[in-house]
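Work through the exercises below with the sequence and the 3D structure at hand. Each task is followed by a solution in steps.

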Amino acid sequence: MTSRALVTLTALLLYGGAAAAQRVRADWSAQAIPALTETNVVPGNRSLGELRVVQPVGMLEVSGAGDRVRLVAAVDFEKYTITHGELAPGDWGEGFEDRRHPHTLVHQLMLVVPDLSGRLLGPVRLFAAAGKGFVPFGTDDPMSRPVVRYPVNHHLSQILERAVGLAGVRAGPVTLEGALFNGDEPVSPGSWPAISRFGDSWATRLTVTPLPGLEAQASYAFVHSPENRPGAGPDDAKTSASARWERGPWYGLVEWAHTRTAGGAFVFRSVLAEGALQLPRQRPYVRFERSDRPEEERLFASPFRTRRPLFENSILGITCWTVLTAGDAVEVWTGRRVRIAPFVEGSYLGIARVGGGVFDPQIWYGRTRGFTITVGARLASGMRMSRMGRYYVQSMQEMSMP
Amino acid sequence: MKQWSLVGLVLGLASVCVLAACGGDGGTGTPPPPPSDIVLVDTIPVTPNYGIHDQYTRDGLDIICAWNTGILIYDVGNGIVGGSPANPKLVGSTTTVGGEAHNTWWFHNPNTNEKRYLFVGQEGPGSIGSSSVGDIHVLDVSDLTQPTEVATFHRNGSGTHNFWMDEPNQVLYAAYYNGGVVAIDVSGTLSGDISSRMIDTLTFGANNTYTWGVQLYQGSLYAIDMLSGFWQLRDSSAFLSVAAGGNNQTERFGSDLWVANGYAYTGTWGGFPRGGVYGNALKIWQLGVGGAPTLVDSIITPDIHTVSDVAVTDDNKLLMFSTEGGPNSGFWFYRLTDPAHPTFLGKYLVGNGIHTATFSRINGKLYAFGAKDPPEPAQFVLDVTALDQ
């Protein structure tokens with residue numbers, strides 16, 4: 001079923017006439033999800049339904065020189081398919097509220113050296129990577145997990161689309177990564193990281209795989225002024241811990257995330273648990289999440305957008321979102337080139353105020369409980385979508401769901 | 001299996017990069033042309049760090065609070081470096097500890113004839129209506145070209161907002177958000193930690209206090225609170241107590257104030273629609289014989305979220321307020337022939353909004369200075385002499 005492409009090029013292509021031939025391997029995958037979403041958690045106490053193509057992504061991993069170097073690229077076309085975001089109550093970030101923001105066109109473009117040390121250090125392996133991509137912090141990109149709906153905690157649990165330089169060491173079941181990156185998050189789907197800010201933020205992640213299929217990580221990141229590109233905004237201190245199980249037909253993840261903003265002036269907490277079971281032709285899944293969200297002033301032009309660039313440093317309050325999501329995907333077509341998996345996914349949402357502040361969900365939404373239901377189909381080609389952000393492994397070999 | 005060529009891969013990735021680089025955000029709309037009796041004299045670009053929050057004009061100087069960039073002192077008619085409203089010239093600048101320079105007051109002490117101290121409010125992160133942080137920083141501006149921070153005032157549990165000074169009595173009054181109102185003795189030499197100089201403080205009750213601004217007027221201190229409305233306070237040797245008013249505005253959040261002519265004008269804030277209503281109102285309060293406020297009228301401005309600042313000219317003829325959050329953001333001017341019922345004179349719309357605005361009379365002309373919000377933050381200078389007839 002895999003469609004790994006093995007491309008053998010001559011030394012003429014690689015080395016301009018050198019005699020030795022080298023093998024270049026290219027793996028790719030692509031997906032898109034047409035999805036119809038309906039929800040009654042909408043500003044102004046109304047219901048809203050939308051049909052959009054979400055998560056249209058193409059991934060490419062090219063390895064060469066005997067796998068001593070890899071290029072990992074992912075292109076995300078949400079800039080074109082969800083220009084105004086994906087209807088998703090509770091989701092937030094990058095100037096969007098209750099709509100998941102479109103990711104940048106170049107989702108990642110990383111050059112990876114997976115084994116710097118060779119045999120010099122015995123079983124210990126050093127690795128490094130640089131480019132635009134994921135910071136070694138937190139859990140997997142939601143796009144590579146079974147639930148289609150993005151979790152509320154996306155901006156608490158992952159740091160991505162940054163100019164990042166990372167290095168790490170692997171020794172048996174233990175992997176330690178460290179990275180420098182730019183703190184500013186993307187300001188539009190077409191934006192690139194502010195290179196002048198490279199190195200103003202850092203992260204480290206410790207991962208342990210004590211048993212086959214079981215992986216646990218703890219990570220910390222200091223992020224300077226993520227929401228103000230010139231650097232005038234408050235800083236984040238982020239902590240994450242998680243355990244992930246994937247073996248046979250079972251998948252599970254539990255995570256805890258904590259972000260202290262502006263030296264603790266604001267604290268955002270998140271707990272999440274999700275699981276899935278791979279049956280012969282279908283995959284039921286479930287997720288429970290309870291995550292805090294900052295409430296910011298919305299724009300006159302849209303109740304789903306907030307001011308960017310952010311100015312002043314105040315917020316309207318904090319809300320806690322409790323989201324229980326369940327769904328099932330059925331693989332109806334598994335052809336040589338294309339896979340089609342229709343799904344239905346429903347979420348119950350509860351919204352509560354945390355502490356003080358003027359934001360009142362009862363006033364804003366006209367309710368504090370509601371639902372979202374989505375029907376759609378995953379259309380995929382090539383290899384299955386990988387786990388993005390763990391550059392020390394060949395992502396497309398270790399990938400699994402969705 | 002699919003065959004790829006390395007050249008094709010590189011070209012494909014390059015195309016994606018070019019596509020991404022070409023992607024841009026839409027710009028802000030161009031505002032309609034203003035009336036000819038409001039003339040844009042100049043704009044001073046301010047580094048977007050985050051930008052300009054407020055300005056204080058006195059003696060022909062324009063003192064800009066430029067957040068993390070600090071304090072910028074421009075000559076706009078003082079003559080110290082030959083500046084004018086049309087050609088502002090930077091005199092001096094400095095950053096304050098912690099940045100977030102929000103507002104300022106240049107203390108002219110009539111007892112000593114000193115103009116030595118500049119008080120700077122720092123606005124730290126807060127949850128509006130609930131929490132705040134931020135100190136008062138004192139700069140020595142004896143040498144305007146080299147302002148130097150010399151003292152700090154700090155309160156635990158709350159942060160400062162707008163100021164007013166009783167200069168003859170050497171008392172600084174500061175709105176302190178959830179900390180209410182604070183009176184501080186600023187006589188003598190100010191140095192180091194001056195937190196012990198607090199004379200008194202007053203709040204309007206738990207979950208009912210988030211004070212935006214204060215102003216002294218005819219022996220009373222007036223305070224506008226975002227949650228509890230417009231208050232008249234007694235000020236007995238800077239000891240504070242409630243005289244009248246308060247709990248008189250529940251449909252909108254309060255914002256800035258100006259008191260003149262026996263009337264008070266208060267703005268409303270709409271970062272969140274209180275009870276579903278945005279801050280599109282300017283409220284007009286008549287002050288009774290004892291100074292107690294009674295609401296007599298309102299001006300509703302469509303297509304905005306917030307009336308962010310209010311000012312009246314020194315001759316009490318002209319009212320100005322700034323607006324944000326909507327296509328009608330900018331400067332608005334009203335005539336005060338009948339101070340209870342101002343009449344519309346003109347507007348000057350500025351995309352993204354004007355956060356704060358103030359009048360200044362320089363060399364016989366009347367100017368309106370305004371702080372334009374990001375992106376592209378700037379100090380706007382309007383000649384509004386023609387309106388002040």
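**Exercise 1. Describe the make-up and overall form of chain B in this predicted model.**

Solution. Begin with secondary structure: chain B contains one helix and 29 strands. Next, take the radius of gyration of chain B, which is 23 Å; the globule rule gives 21 Å for 389 residues, and the two values are close, so chain B is as compact as a globular protein of that length. The C-alpha trace of chain B spans about 85 × 45 × 45 Å along its principal axes. Then turn to burial: 55% of the 389 residues of chain B count as buried. Finally, consider contacts in chain B between residues at least 6 apart in sequence: 50% of them join residues at least 24 apart.

**Exercise 2. State how confident the predictor is in chain B and in the complex.**

Solution. For chain B, the mean pLDDT is 92, and 91% of the residues reach 70 or more. Residues 1-30 of chain B have a pLDDT below 50, and this stretch has 38 contacts in the model beyond near neighbours in sequence. For the complex, the predictor gives an ipTM of 0.89 and a pTM of 0.90.

**Exercise 3. Which strands stand at the edges of the open sheet of four strands in chain B, and why is one side of each left without a neighbour?**

Solution. Write down the strand order, S19-S20-S21-S22 (chain B), with antiparallel pairing. Strand S19 (253-260) and strand S22 (293-300) of chain B are at the edges; each has a single partner strand, so one side of each lacks a neighbour in the sheet. From one strand to the next, the twist averages 25 degrees. Now look at one pair: S19(B) and strand S20 (residues 263-269) of chain B run antiparallel and are joined by six bridges. One residue pair is Phe253(B) with its bridge partner Trp269(B) in S20(B).

**Exercise 4. Describe the hairpin formed by S6(B) and S7(B).**

Solution. Strand S6 (residues 101-109) and strand S7 (residues 114-122) of chain B run antiparallel, with seven bridges between them. Trp106(B) has Leu118(B) as its bridge partner in S7(B). Four residues lie between the two strands, and Asn113(B) in the turn has a positive phi of about 60 degrees.

**Exercise 5. Follow the pairing of S8(A) on to its partners.**

Solution. Strand S7 (residues 106-113) of chain A is joined to strand S8 (residues 124-133) of chain A by five bridges, and the two run antiparallel. Here Leu111(A) has Ala130(A) as its bridge partner in S8(A). S8(A) also pairs in the antiparallel sense with strand S9 (residues 162-171) of chain A, over ten bridges. In S9(A), Gly168(A) is the bridge partner of Phe127(A).

**Exercise 6. Which residues have the most contacts inside the largest nonpolar core?**

Solution. The largest nonpolar core has 129 residues, and those with the most contacts inside it are Tyr173(B), Val181(B), Tyr265(B) and Met320(B). Leaving aside neighbours within four places in sequence, Met320(B) is in contact with residues including Ala311(B), Phe331(B) and Ala368(B). Another core, of 36 residues, lies apart from it and includes Val106(A) and Met143(A).

Terms used
Residues are numbered from 1 along each chain as its sequence is written. Chains are lettered from A and ligands numbered from 1 in the order in which they are written. This is a predicted model: local features need pLDDT of at least 70, side-chain atom pairs count only at pLDDT 80 or more; totals for chains, interfaces and linings use all residues. Two strands pair if DSSP finds at least two bridges between them. Axes are lines fitted to C-alpha atoms, for helices over the stretch in contact, and angles run from 0 to 180 degrees between N-to-C directions. A nonpolar core is a set of buried Ala, Val, Leu, Ile, Met, Phe, Trp, Tyr and Cys residues joined through C-beta atoms within 7 Å. A residue is buried if 20 or more other C-beta atoms lie within 10 Å of its own, exposed if 12 or fewer, and partly exposed in between; C-beta atoms are placed from the backbone. Two residues are in contact if their C-beta atoms, placed from the backbone, lie within 7 Å. pLDDT is the predictor's confidence in each residue, from 0 to 100. The radius of gyration is taken over C-alpha atoms; the globule rule is 2.2 Å times the number of residues to the power 0.38.
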